[in-house]
Amino acid sequence: MKQKSWFLRGALALGFAFLYLPILSLVVYSFNDNKLVTVWSKFSVKWYGVLLQDEPILSAAWLSLKIAFMNATLAVILGTLVALALARFGAFRGRALLSSLATAPLVMPEVITGLSLLLLFVAMEQFIGWPAGRGTLTIVIAHATFSMSYVAVIVQSRLTGMDVSIEEAALDLGAKPAKVFMVITLPIIAPALLSGWLLAFTLSLDDLVIASFVSGPGSTTLPMVIYSKVRLGLSPEINALATLLVGFVSIAVLGAGLLMARQERLRQRDVQMAIAGNK
Amino acid sequence: MAEAKTTTAFEPWTDPNAVPYIEIRNVTKKFGEFVAVDNVSLNIYKQELFCLLGGSGCGKTTLLRMLAGFEEPTSGQIFIDGQDMAGIAPYRRPVNMMFQSYALFPHMTVEHNVAFGLKQDNVPKGEIADRVAKILELVKLGSFGKRKPHQLSGGQRQRVALARALVKQPKLLLLDEPLGALDKKLRESTQFELMKIQDQLGVTFVVVTHDQEEAMTLSSRIGVMNHGRIIQTGTPTEIYEFPNSRFVADFVGTVNMFPGRIVDEDNDYVRIGCDEAACTIFINHGVAAPPNAELWVAVRPEKIHLTREAPADARDNCVRGTVDGIAYMGDMSIYNVRLDSGKMIKVTQPNLIRHSEDTITWDDRVFLHWHASSGVVLTL
């Protein structure tokens, strides 16, 4: 192997440091015994113990997970419908409008999205009495409105890349359009749906701004709890919580990566087999 | 039905009482301003293997997709088995299609791909298994049922696509460039397999192809298309030996074209003056063309003889030239000959002798001559 130059090694080290040093320091200090975050005394896991006793944080975390789950599911359904309209209906009136509206939340400042949704919810409550008050439901709806855009983009690109004649072949063989969608299209775009779901899940999990606008009393999400705690002063307990979150996400990402690598290996082997078996 | 083919010639299109299986009446298809199919009328009969032949963008695939029901004609009607197909969805037509890209379902095994169509018709499970096994045997994929499409080679995928389209025993099978993605050896064997299958099952085939060789070997009749119109319909022999226009003569096979005018004619012959050939072209039958009209004579490369010595009767159909290039193809050689007028002529000669000192070679002065029946007079 060729020796890498010191410049490249330096650049690599600097890049890693820039990305991971903040997280690393957070992880290290989560094991700090001292009450003051910035003063190291000795190694301890006591803040993890404190965290597990902290009822507000635990319930906020549970609420956030519930909201993220509902949001991801809703966003995948809505986003897929938008993607289908954009990718399969050909030219129709308002296509350009739908396309730009669907992607608008991607670039819209969160403050504006949050504020406009709050105004809408208040107005709707006045006129039709639904949604009654603000809480979990309004947060889910608000999250779904912006995360469905991400899903729509992902699914649309998968649909565009898919050979349309596969669907036509199913029609040709006697399957009705709804059946074609369920049996042929859905399984083929399933990976895109899964990655859209995961993205919507994480987007919802770490959203603070929009949730702050549309939440009501009793529906405090995890980011909101963390933010309010940090405002009162840094607590090592938050470090412990953050470390757990980072660990959780890392394991998920690593797992997904390993799964994909394994599938790719299997596919490669299949291709080799096909070439070898071809007379 | 099958014996009709072996005992007498299979030519339902010559029988005025025969009822066409597919009737295309004045069908036009526009995409916006673009006219993809332009007022096409065509009859296709039961058990035919009909080829739509044309270059890319000539409308042949659009016509096929209208038969399958993926496109609706802008105007005109399509009848299949006497039934008007207007407004009938693809999944209700007695038609199956084999796609150019094969369009196999990537997430299903070969067996499930083939069984898909039968499941839609609610065929009992046991029967599905039997029919799938039988059809996979027919396309020689008996042991590949459990594989996924991406575990197959191109030729195997093509056969799965064929099996999937055939297993429903459609009355009409549409094939879009069926052999396009195969290499030459595989194409040839598959062509014969296709013909055998068609003989066994008695299905009517409509094939779309841009490959004239494929069209010639496969079909009972060919429809040559250009710019959305059918230029000529006929058997492979008719299309090749009696093209009705310069486009067909040029598109199907190679041809040498001589522009000229009639200088002398009678009921049973015509003599055409041609500046580029520097000789008169004699044709041993009369031509229905106004005197003095511009016309063209097409002569196929394999119908021209190439000699060093002047032929015995060298008044007509005989030109002098110089060999400009030779392409050795093994079974035959293609000679590029430059006439004294500067026009380049292609001549093919079979390599009858294994090795000869005296073959015609580069820069030789040669005579090109052909029989009075070889030239085809074209007025279009």
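Colleague: What distance separates the centres of domain 1 of chain A and domain 2 of chain A, taken over C-alpha atoms?

Modeller: This is a predicted model, in which local features need pLDDT of at least 70, side-chain atom pairs count only at pLDDT 80 or more, and totals for chains, interfaces and linings use all residues. Residues are numbered from 1 along each chain as its sequence is written, with chains lettered from A and ligands numbered from 1 in the order in which they are written. Domain 1 spans 63-222 and domain 2 spans 234-267 in chain A, the bounds coming from an automatic or database domain assignment. Over C-alpha atoms, the separation of their centres is 24 Å.

Colleague: Which helix gives the largest share of the side of chain A that touches chain B?

Modeller: Two residues are in contact if their C-beta atoms, placed from the backbone, lie within 7 Å. The contact takes 21 residues from chain B and 22 residues from chain A. On the chain A side, at least two residues each come from α7 (164-172), α8 (177-205) and α11 (236-276), helices being DSSP runs of H or I with at least four residues, numbered from the N terminus. The largest share, seven residues, belongs to α7(A).
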